[in-house]
Amino acid sequence: MEQFRLAEIFLSINGEGRCAGELAVFMRFQGCNLDCSFCDTKWANKEDIAIRFMTTQELVDEVQHIGVRNVTLTGGEPLLQSGIAELITALGALGYRVEIETNGSIPLDTYAVLPFRPCFTMDYKLSGSGMESHMHTANFSLLYAKDAVKFVVGSKADLVRAADIIQEYSLTARCAVYFSPVFGAIQPGEIVDFMKKHLLNGVRLQLQLHKYIWDPLQRGV
């Protein structure tokens with residue numbers, strides 16, 4: 001029986017993405033294949049953290065007990081978990097809206113054809129992250145209206161590169177597109193000024209709500 005490496009499970013609001021501000025059950029899984037310079041959940045990527053080993057049925061039972069319809073699978077990188085497709089399918093079959101927060105390096109083709117396809121919020125890691133070479137751009141062709149691409153920007157160079165990617169892959173015609181500032185590295189106003197200067201129709205500035213409501217380093221929110 002498949003067991004998942006769960007760093008934490010909690011009820012909060014979606015801090016970003018298409019359902020920002022809505023309640024969601026968060027499942028944060030341990031482990032990531034990237035090491036972004038601005039990562040705010042590095043603690044969940046470490047091998048020696050305290051984790052819970054939970055089966056698909058145990059996770060479904062917890063979600064049903066909580067009673068909220070949105071479920072966000074995050075990390076780390078949730079798609080590294082063996083058997084995650086089984087969990088996505090089990091939740092989808094019960095009518096839950098399943099969102100995958102993925103780092104952009106994992107091929108999505110396996111998950112995009114599931115009977116109960118999840119919603120993808122996919123990062124594109126820019127040069128400031130140090131991880132851009134790991135991006136799997138073939139994923140863009142699998143995205144559609146209920147999905148989102150998120151660019152976490154920390155500098156003017158990141159903004160320029162993001163604008164180029166948006167244009168190259170016609171992302172605003174495919175799905176939602178967000179700019180999210182690296183917390184403390186760039187002012188949101190700078191991003192707005194860039195959007196105005198370049199007339200970035202279809203691109204939204206999105207602040208991470210949870211970092212403004214609670215301490216930015218607080219877990220379980």
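The side chain of asparagine 45 reaches the backbone nitrogen of glycine 76 at 3.5 Å. This contact is found in a predicted model. Asparagine 45 sits in the loop between E2 and E3. Glycine 76 belongs to the loop between E4 and H2. The peptide bond that leads from glycine 75 into glycine 76 is cis, and its omega is near 10°. Most residues other than glycine have a negative phi, and most peptide bonds are trans. Beyond its neighbours within four places in sequence, asparagine 45 is in contact with Gln30, Gly31, Cys32, Cys39 and Gly76. Glycine 95 lies 50 residues from asparagine 45 along the chain, and 30 Å separates their C-alpha atoms.

The loop between E4 and H2 also holds glutamate 77. This residue is buried yet has no salt bridge. The nearest side chain of opposite charge belongs to lysine 125, 7.6 Å away. A salt bridge requires a nitrogen and an oxygen within 4 Å. Other partners are present. The glutamate 77 side chain reaches the backbone nitrogen of leucine 79 at 3.0 Å. A polar contact of 3.1 Å joins the side chains of glutamate 77 and threonine 102. With residues up to four places away in sequence not counted, glutamate 77 touches Gly31, Cys32, Asn33, Glu101, Thr102, Asn103 and Ile106.

Attention turns to the nonpolar interior. In soluble globular proteins, nonpolar side chains tend to be buried together. The largest nonpolar core here has 54 residues. Met27, Leu73, Leu87, Phe151 and Phe179 touch the most other members. Helix H4, residues 156-168, gives this core its largest share, 5 residues. Leucine 87 has contacts with Phe4, Met27, Phe29, Thr56, Leu59, Val60 and Leu73, leaving aside its neighbours within four places in sequence.

Two helices, H1 and H2, were examined in turn. Helix H1 spans residues 56-66, and its buried residues include Thr56, Leu59, Val60 and Val63. These residues are on the same side of H1, because they cover an arc of only 100° around the axis. They pack against strands E1 (3-13), E2 (23-29), E3 (52-55) and E4 (70-74), and against helix H2 (84-93).

In H2, the residues Ile84, Leu87, Ile88, Leu91 and Gly92 are buried. They line one face of the helix, because they fall within an arc of 125° when seen down the axis of H2. The buried residues of H2 pack against E1, E2, H1 and E4, as well as strand E5 (97-102) and helix H3 (109-112). Glycine 95 follows H2 with a positive phi, near 90°.

Charged pairs were considered next. Side chains of opposite charge can pair when their charged atoms come close. The whole structure contains 10 salt bridges. One of them joins arginine 28 to glutamate 8, with the closest N and O atoms 2.8 Å apart. This pair links distant parts of the chain: arginine 28 is in strand E2, glutamate 8 is in strand E1, and the two are 20 residues apart. Both arginine 28 and glutamate 8 are buried.

Lysine 125 and aspartate 123 form a salt bridge at 2.7 Å, N to O. Lysine 125 and aspartate 123 are buried as well. A network of salt bridges links Glu16, Asp123, Lys125 and Lys150. Another salt bridge joins lysine 42 and aspartate 35 at 2.5 Å, N to O. Lysine 42 is partly exposed, with a relative accessible area of 34%. Aspartate 35 counts as exposed, because its relative accessibility is 52%.

Serine 170 has a positive phi of about 50°. Its place is in the loop between H4 and strand E8 (176-181). Serine 170 is partly exposed, at a relative accessible area of 44%. Leucine 199 also has a positive phi, near 50°. The loop between helix H5 (188-197) and strand E9 (203-205) holds leucine 199. At 64% relative accessibility, this leucine counts as exposed.

How values were computed: Residues numbered from 1 in each chain as written. Predicted model: local features only at pLDDT ≥ 70, side-chain atom pairs only at ≥ 80, totals over all residues. Heavy atoms only, no water. Core = buried A, V, L, I, M, F, W, Y, C linked by side-chain atoms within 4.5 Å. Buried < 20%, exposed > 50% of the residue type's maximum accessible area, 1.4 Å probe, protein only. Helix = DSSP H or I, 4+ residues; strand = E, 2+ residues; numbered from the N terminus. Contact = heavy atoms within 4.5 Å. Arc of directions from axis to C-beta. Lys, Arg positive; Asp, Glu negative; His and termini not counted. Polar contact = N/O pair within 3.5 Å; in protein donor to acceptor, adjacent residues only side chain to side chain.
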